[in-house]
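I opened my notebook to look around this model, one topic at a time. Follow along with the picture below.

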Amino acid sequence: PAAADAARTNMAAGRSQQLDAIHADDFDVVRFSNALAAFCQPLKLQCTAPFLVGWYNKLRASTADGTQTIDAPDEAVAFAIYNVPGYLDIIVDHFSRAQPQHNFVDACTNEILDMLQSQLDPSLEPLIVNTDCGPPYYHVQSIGAVAGA
């Protein structure tokens, strides 16, 4: 809970500006990956190595008749974010603070994804999806395969 509080405090104070400073016209995938990892760490999340949307869509074309593809250019850079040990504490903190009536795990995840969305420059045209809630629905095992996870 203390880590989640610190992350929210840092974001509210504008200390997560590593993500804010990245724009489409000077996009550096290594810099973005590092900033995304820094955003995720106190929330007990991690992100995969970057991958191209085209890699995922090509795999889906060859294994699933092109279903559940990502509607983005093949050269678009993608990441998957996943939870790690300690995320349950983040969920409990969210539950005690927000007291959602149902779907409290998804409510917590969606709050974090909303925080991430608010940190990203619109020029990046980010597509942020909770794969548990959809639509759209993506095949997480295929994402893991192309991301090397």
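Which residues does leucine 19 touch, not counting residues up to four places away in sequence? I found Phe32, Ala35, Leu36, Phe39, Leu116, Gln119 and Leu120, where contact means heavy atoms within 4.5 Å.

**Ground rules.** I am working with a predicted model, in which local features need pLDDT of at least 70, side-chain atom pairs count only at pLDDT 80 or more, and totals for chains, interfaces and linings use all residues. Residues are numbered from 1 along each chain as its sequence is written, and side-chain values use heavy atoms, with hydrogens and water left out.

**Cores.** Next I looked up the largest nonpolar core, which has 19 residues. Such a core is a set of buried Ala, Val, Leu, Ile, Met, Phe, Trp, Tyr and Cys residues joined through side-chain atoms within 4.5 Å. Buried means under 20% relative accessible area, exposed means over 50%, and partly exposed is in between (1.4 Å probe, protein chains only). Leu19, Phe32, Leu36, Phe39, Tyr87 and Ile112 have the most contacts inside this core. Helix 3 (29-40), strand 1 (45-47), helix 5 (87-98) and helix 6 (104-119) each supply at least two of its residues. The largest share, five residues, comes from helix 3. I took helices (H or I, at least four residues) and strands (E, at least two) as DSSP runs, numbered from the N terminus. Apart from this core lies another, of 10 residues, with Phe51, Tyr56, Ala78 and Ala80 among them.

**Aromatic rings.** How many aromatic pairs does a search of the whole structure find? I got four. Rings of Phe, Tyr and Trp (its six-membered ring) pair if their centres lie within 6.5 Å; planes under 30 degrees apart count as stacked, over 60 as edge-to-face and the rest as tilted. Phenylalanine 27 and phenylalanine 32 have ring centres 5.5 Å apart and planes at 45°, so I wrote this pair down as tilted. Is phenylalanine 32 buried or exposed? With a relative accessible area of 8%, phenylalanine 32 is buried, whereas phenylalanine 27, at 31%, counts as partly exposed. Phenylalanine 32 also forms a tilted pair with phenylalanine 79, at 5.4 Å centre to centre and 45° between the planes. That pair links distant parts of the chain, with phenylalanine 32 in helix 3 and phenylalanine 79 in the loop between strand 3 and strand 4, 47 residues apart.

**Threonine 48.** I found threonine 48 in the loop between strand 1 and strand 2. Threonine 48 is buried because its relative accessible area is 7%. Its contacts, not counting residues up to four places away in sequence, are Phe79, Ala80, Tyr82, Ala147 and Ala149.

**Helix 7.** In helix 7 (residues 140-147), I listed Ser142, Ile143, Gly144, Val146 and Ala147 as buried. The buried residues of helix 7 pack against strand 2 (51-52) and helix 4 (53-64). Just after helix 7, glycine 148 takes a positive phi of about 80°.
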